[in-house]
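Here are a few friendly notes to read alongside the structure. Take them in order, and keep the view open as you go.

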Amino acid sequence: MPVIEQTAFGSKSTLYRLTNANGLQVTVTDFGARIVDILVPVTGEEPRAVSMACATEEDYRAIDTYLGATIVPVAGRISGAQAEIAGERFAFTANEPNRTLHGGIDTANEQIWASQVDEATNSISFSYTLPDGKNGFPGPLHVTARYQLREDNGLVVTYEGRSEKATLFNPTNHVYFNLTGNFQEPVDGHRMTVAGERFATLNEHNLPSGDLVHVAGTGFDFRAGQLFGDGFASSHEQVVAFKGYDHPWLLDDVAEQVRVTSPDDKVRLVVSTNQPSVVIYTYNHGPTPAATFHGGFSMECQGLPDACNQEGFGSIELPAGQTYTSETVYRLEWD
Ligand code: BGC
C-alpha cells in the first residue's frame with residue numbers, strides 16, 4: 001500500500017505526497033486544498049514538475065493564492081456582484097469593479113482546511129465550512145475536496161458541497177500546467193484537442209456576453225487538435241482582445257474531453273469531467289514571479305461562469321440540504 005508522506009509547508013500548513021507504483025507523484029496542501037506539484041517520471045530525466053507551484057504557503061500568499069487551489073463557492077466572475085437564489089436577491093463582495101471573481105476575498109483558497117488521509121484509497125480529503133454570509137453567499141456551506149492518485153495515473157479531484165441554506169455552488173480547481181516543466185517557456189508548442197463544439201464569448205468586462213458560439217472556422221476550433229501557438233496567432237477578435245484564451249468551452253459527453261501534448265510529445269495530459277464546461281486560461285497576465293506570459297494553461301472544469309445571471313447557461317443553485325458532487329480526472333501519460 002502506498003505511503004502518504006507529510007512534511008511542513010511553511011509555518012502553518014502541511015504538504016502531503018501521493019505516489020503510485022508507476023512513480024507518478026502529486027503533492028497537495030491543506031492551504032487552500034491545493035495541488036502543488038505534479039511530478040512526472042519521464043524516462044531519462046529528473047521528474048518533470050508540470051503544475052505551476054510555489055515552495056511554501058507564504059510564497060503563495062506573496063505571488064498568487066489561486067494557483068492550484070480549490071475555488072469555491074463560485075468559480076469565475078459573477079456580473080453585477082449579485083444574483084437571485086431561490087427567488088431572493090443577494091449581493092456579493094465585488095473584488096473586481098462590479099463583479100465577484102472566484103468567490104470573493106479572504107475565502108477558502110486562503111484558509112487551512114481540515115485534512116483526512118486515507119492510505120487504502122491513496123487519497124486525501126480536505127474539508128472547510130464557508131460561514132453563512134461569507135462574501136454575501138448563503139450558508140454555512142460545507143465543502144470537501146478530495147484528491148486521489150490512481151494506478152492508471154489519474155488524479156481524481158472530487159468536490160462536494162452541502163449548504164444549510166439554498167446557495168450557489170460552482171467549484172473548480174485552478175491548477176496551471178506546462179508540460180515542458182518550464183514555466184518560463186510559453187506553451188505555444190503544446191498541442192491541445194478539445195471535444196467541444198461551442199465556446200462562450202466574453203465582453204469587455206471579462207464576463208460571458210451570453211452567446212455560445214460554434215467553434216467551426218474560428219481560432220477556438222481545437223476539435224482536431226491545434227497548437228496553442230497557432231491559436232494565439234488567430235485574428236479572431238476574442239483571441240486578440242484577451243491576448244490568448246480565457247474562455248469556457250462546452251464539453252461533449254465523451255470519455256476523453258481534453259488532451260494536451262507537450263512539444264516533445266513525451267508528456268500528455270488527458271482531462272475528463274462530469275462538469276459541463278472547461279475554462280481554459282493561458283496566463284495572459286504574465287509575466288509574474290511564477291511564470292512568463294503564456295507560461296501555463298489552466299483547465300478549470302466547472303459549470304459555465306455567471307450561470308446564475310445568464311439565460312440558458314444551466315443552474316449552479318444548490319438547494320438547502322442537498323449534496324452536489326463535481327468530479328474531474330487529470331490523467332498523465334508519459335514516455
Ligand atoms: C480567470 C482569469 C483570471 C484568473 C486569475 C481565471 O480563472 O478566467 O480571467 O485572471 O483566473 O487567476
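1. Is Glu 5 buried, partly exposed or exposed? Glu 5 is partly exposed, because its relative accessible area is 41%. Please keep in mind that this is a predicted model.

2. Glu 5 has a charged partner: a salt bridge joins Glu 5 to Arg 17, with 3.7 Å between the closest N and O atoms. The two sit 12 residues apart, Glu 5 in strand β1 (residues 5–9) and Arg 17 in strand β2 (residues 13–19). Arg 17 is partly exposed too, at 23% relative accessible area.

3. Next, look at Lys 12 and Glu 57, a salt bridge whose closest N and O atoms are 4.0 Å apart. Here the loop between β1 and β2 is linked to helix α1 (residues 57–63), across 45 residues. Lys 12 is exposed, with a relative accessible area of 57%, whereas Glu 57 is buried, at 1%.

4. Asp 106 and Lys 134 form another salt bridge, at 3.2 Å from N to O. Each lies in a loop: Asp 106 between β10 and β11, Lys 134 between β12 and β13. Asp 106 is partly exposed at 44%, and Lys 134 is partly exposed at 26%.

5. Altogether there are 17 salt bridges. Shared partners tie Glu 256, Arg 259, Arg 268, Arg 331, Glu 333 and Asp 335 into one network.

6. Finally, turn to the largest nonpolar core, which has 58 residues; Ile 38, Phe 177, Trp 249 and Met 299 make the most contacts inside it. Strand β13 (residues 141–149) gives this core its largest share, 5 residues. Ile 38 touches residues including Leu 24, Val 50, Leu 155, Phe 177 and Leu 332.

Key. Residues are numbered from 1 along each chain as its sequence is written. This is a predicted model: local features need pLDDT of at least 70, side-chain atom pairs count only at pLDDT 80 or more; totals for chains, interfaces and linings use all residues. Side-chain values use heavy atoms; hydrogens and water are left out. A nonpolar core is a set of buried Ala, Val, Leu, Ile, Met, Phe, Trp, Tyr and Cys residues joined through side-chain atoms within 4.5 Å. Buried means under 20% relative accessible area, exposed over 50%, partly exposed in between (1.4 Å probe, protein chains only). Helices (H or I, at least four residues) and strands (E, at least two) are DSSP runs, numbered from the N terminus. Contact means heavy atoms within 4.5 Å. A salt bridge is a side-chain nitrogen of Lys or Arg within 4 Å of a carboxyl oxygen of Asp or Glu. Lists of a residue's contacts leave out its neighbours within four places in sequence.
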